[in-house]
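The following exercises are to be worked through with the sequence and the model in view. Each task is followed by a solution in steps.

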2 protein chains.
Amino acid sequence: MPVIKIAIVGFGKIARDQHYPALFDSPAYQLAAVASPDGAGPEGVDRYDTLDAMLDAVPDIDAVTLCVPPSVRYVLAAKALARGKHVMLEKPPGTTLNEVAALQRQAEKGGKTLFAAWHSRFAPAVEPARTWLDKRKVRSVDIQWKEDVRVWHPGQDWIWEPGGMGVFDPGINGLSIATAILGQPFFLRKGVLEVPANRQTPIAADLYFESTDGYPVSAVFDSRQTGPQLWDIHVTTDEGRLTLSKGGSQMFVDGELQHEAEEREYPGLYQRFAELVESVGSEVDATPLQHVADAFLLSERRSVDPFYWNDLEPSE
Amino acid sequence: MPVIKIAIVGFGKIARDQHYPALFDSPAYQLAAVASPDGAGPEGVDRYDTLDAMLDAVPDIDAVTLCVPPSVRYVLAAKALARGKHVMLEKPPGTTLNEVAALQRQAEKGGKTLFAAWHSRFAPAVEPARTWLDKRKVRSVDIQWKEDVRVWHPGQDWIWEPGGMGVFDPGINGLSIATAILGQPFFLRKGVLEVPANRQTPIAADLYFESTDGYPVSAVFDSRQTGPQLWDIHVTTDEGRLTLSKGGSQMFVDGELQHEAEEREYPGLYQRFAELVESVGSEVDATPLQHVADAFLLSERRSVDPFYWNDLEPSE
């Protein structure tokens, strides 16, 4: 397999913490350049202010990975595809469903790879869980995704602004795992979104889905969780109860640990992207984002206590 | 072409006003039965309480058309497809995007026709407008969909309940036309939804989209319109300004009437459905519903005056 000349677009926190180390360690890739306007970039790698400037200067780049905020992702992805590059998108793949659909059509038409990456699907116990469930009959599913937004997104007001998705920013990771391990689709039947009186997006969600066969799937998301953080999926089957814990890194059956491994989500993502580029295939599963859009479309909204980043600033 | 034995499921107002007359007049169909629990049905046609009872009693039905509320549409459509019937869905094709996607996969797998009908696309001036625009370069689009909910949905509280979509119940018709006549997709960039303080769904929406080429598409929806009702789409091009008026029944260019014809939306729908059944093809375009979901996902919500059906019942 020839080495893929790849460029990172947007060299912010997620690029530094996850994408750059994964690419640095992989023999499948050569990091050819970085496009990032803020002057930062990894040592020894050419940096350009814009995607266009980078592609003009380094025309033999094969692929780009987009680590920019969702709001600018469509324009950059469409441009990269138009210039003949394979594209990997961080989650969520866009701010709207229609732009994801348009990128998918564009990639297909141009014969390029588009990979909408859901990093949580590459957590180590996800594939073992899928395999285990494949042989059993599911009775019910319970998704619990509860974390403290003050710890994980301190001061990041964008999460409460229109399009920021609030509690669905972490919750979509749980949905991306659930949709990957269950053998059949499920649909939202009803939901409640709790929205702080001074914010636009929900801080908590209580969702009730049904699968095509009619088994219940419930999901409880909460961004106000203090103490132990919960990223768990429980699946009751005809042969025991599976628990995927810690965001897919541990798998239990009837309380006994079956599988645990070192976290390697981003190396897994890039391995998958390399396979897709090699076969000129695409993988664009919008289902998790559709679930979020369905939740906004169908749920009852309840106004709850205003949210402030700390108790001392109720006058912000 | 053999006559299609069709059944109507859900014999409410839209079935009586539109579906039954269209089927009665068409030589392509024979109305074989009706499934409707409320005891009503057209004279001389066998009526059953449930879809299952009907399909048991009249097994040679070829196709069903679903005129039931969106909330029960998925279960009935999945059952009809599973029993080998072609299915036509009234708009919107479901309450969630994921159930529409699942029906599409099921129809494909089973080799049956699924038709997600957008009746406004069959308004008489829509196809002439599409043809006219196909030869011109669009500069901007302005959708104005303003009607009085008290006239068109008097007392129908479901429209204000979660999933009822509020102003998008009529607005989705405008979106279904715009997506049909414009040659390229457009995506929501920002929006404002005005939600009555005592209701769940918006009574007005102000949306700003961009097309893939970057031309602006604005949409203003309002359910509080008294006086003249507006269902207009204006498209400014390099060769004049097209206006589709009265919900797609009149086409003007630079103010001059070019096309006007008798309203025949439902006969047009059933003609299209017959063609699809004949070729065992499907037509499921979820784009208008995706736009609505995108609007709920991405827009700012503003609380506005409470809504009451009449000024005398502010204590309801």
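**Exercise 1.** Which residues of chain A does the UniProt annotation "domain: Gfo/Idh/MocA-like oxidoreductase N-terminal" cover?

*Solution.* The annotation, from an unreviewed UniProt entry, covers residues 4-115 of chain A; such annotations may be inferred rather than shown by experiment. This is a predicted model, in which local features need pLDDT of at least 70 and side-chain atom pairs count only at pLDDT 80 or more, while totals for chains, interfaces and linings use all residues. Residues are numbered from 1 along each chain as its sequence is written, chains are lettered from A in the order in which they are written, and side-chain values use heavy atoms, without hydrogens and water.

**Exercise 2.** Determine whether Glu99(A) is buried or exposed.

*Solution.* First, locate Glu99(A) in helix α4 (residues 97-110) of chain A; helices are DSSP runs (H or I, at least four residues). Next, apply the cut-offs: buried means under 20% relative accessible area and exposed over 50%, with a 1.4 Å probe and protein chains only. Because its relative accessibility is 1%, Glu99(A) counts as buried.

**Exercise 3.** With which residue does Glu99(A) form a salt bridge?

*Solution.* First, list contacts (heavy atoms within 4.5 Å): leaving aside neighbours within four places in sequence, Glu99(A) touches Pro70(A), Tyr74(A), Gly94(A), Phe187(B) and Arg189(B). Next, apply the salt-bridge rule (a side-chain nitrogen of Lys or Arg within 4 Å of a carboxyl oxygen of Asp or Glu). The partner is Arg189(B), with the closest N and O atoms 3.3 Å apart. Finally, the rule finds two salt bridges across the interface of chain B and chain A.

Terms used: Helices (H or I, at least four residues) and strands (E, at least two) are DSSP runs, numbered from the N terminus.
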